[in-house]
Amino acid sequence: MKATLCDKIKYTREIDGTMATKASELNYDRYPNNKYDYEIKMVIPGHNNLHKIIETVVKRDYSKMKSIHILELGVGTGLTASKILRHCPSAQYIGIDFSEQMLKGARKRLKKYNSELILGDYAQVNFSKNNNLVVSVIGIHHQKTNQDKKNLFQKIYNSLTSDGAFLFGDLVTYRDKEEAALNDALHFHHLVENTKDEQSLKEWAHHHKFQNKLAALENQIDWLKEVGFRKVIMLYRKYNTALIYARK
Ligand SMILES: C[S@@+](CC[C@H](N)C(=O)[O-])C[C@H]1O[C@@H](n2cnc3c(N)ncnc32)[C@H](O)[C@@H]1O
């Protein structure tokens with residue numbers, strides 16, 4: 001019998017007493033780039049709308065800046081980066097991802113830009129301190145503990161210029177248990193409606209149920225404020241998907 005995804009989950013690396021997730025444990029690392037590119041847009045509720053809002057913000061705030069440094073955490077195949085960089089094609093862009101498989105796609109997609117792609121765990125890689133914009137879309141929810149997420153927010157804050165901003169799109173849950181349950185049900189319903197076959201449904205439902213480590217949206221907004229962000233605004237929300245704009 002074939003091993004299930006569940007059998008493959010082994011948390012083997014330890015940071016500060018908690019076991020950190022490895023790239024090889026996640027769907028992304030074993031999906032061909034074209035399968036990932038097709039499926040991620042289908043399985044993340046609001047993926048398209050969230051990116052439209054990111055583009056609007058980038059066009060408004062960054063497209064006219066002469067010199068801009070952008071850092072992205074969890075680049076994947078470069079879907080988010082390509083939407084950003086088309087509005088500021090001369091930006092100095094650094095993207096970090098711990099999946100070599102995902103970075104293969106990003107290398108192709110981003111080669112026409114000033115892009116540097118780093119293979120590594122963003123929780124461990126040192127960030128430069130000159131970023132005008134840090135972005136992460138569907139890239140932080142695998143941080144296992146609340147403290148891991150909060151530490152990362154602090155590291156992001158410290159890496160920004162004095163007027164820098166963090167565009168943070170991710171899967172979240174809610175403090176209120178009924179709200180959390182409702183939005184989880186809606187997320188699974190979205191998966192049932194939008195995956196192309198039972199195998200794909202099984203993989204993404206497994207991913208959501210066992211691999212996503214969601215933190216409450218309200219808590220994450222509080223943590224962003226606690227680490228120093230002055231202005232924290234929710235720009236978009238659909239079920240468990242949310243987009244937050246945090247300004248230093
Ligand atoms: C779902 S993709 C999102 C990419 C893109 N924003 C999109 O929407 O298609 C998230 C990426 O984050 C990466 N990732 C997750 N945790 C990471 C970590 N701790 N360090 C580096 N990359 C990480 C995964 O390998 C994956 O490629």
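A: What follows describes the ligand site and then the lysine.

This is a predicted model, in which local features need pLDDT of at least 70 and side-chain atom pairs count only at pLDDT 80 or more, while totals for chains, interfaces and linings use all residues. Residues are numbered from 1 along each chain as its sequence is written, and side-chain values use heavy atoms, with hydrogens and water left out.

The ligand is surrounded by 22 residues, each having a heavy atom within 4 Å of it, and the closest are Tyr36, His47, Thr80, Asp97 and Asp121. Among the polar contacts (pairs of N or O atoms within 3.5 Å), a ligand oxygen lies 2.8 Å from a side-chain N or O atom of His47, a ligand nitrogen is 3.0 Å from a side-chain N or O atom of Asp121, and a ligand nitrogen is 3.1 Å from a polar backbone atom of Phe98. Taken alone the ligand exposes 610 Å², of which the protein buries 99%, with areas from the Shrake-Rupley method and a 1.4 Å probe.

Lys149 belongs to helix α6, residues 146–159, a helix being a DSSP run of H or I with at least four residues. A polar atom of the Lys149 side chain does, however, lie 2.6 Å from the backbone oxygen of Lys213.

Definitions and conventions
Helix = DSSP H or I, 4+ residues; strand = E, 2+ residues; numbered from the N terminus. Polar contact = N/O pair within 3.5 Å; in protein donor to acceptor, adjacent residues only side chain to side chain.
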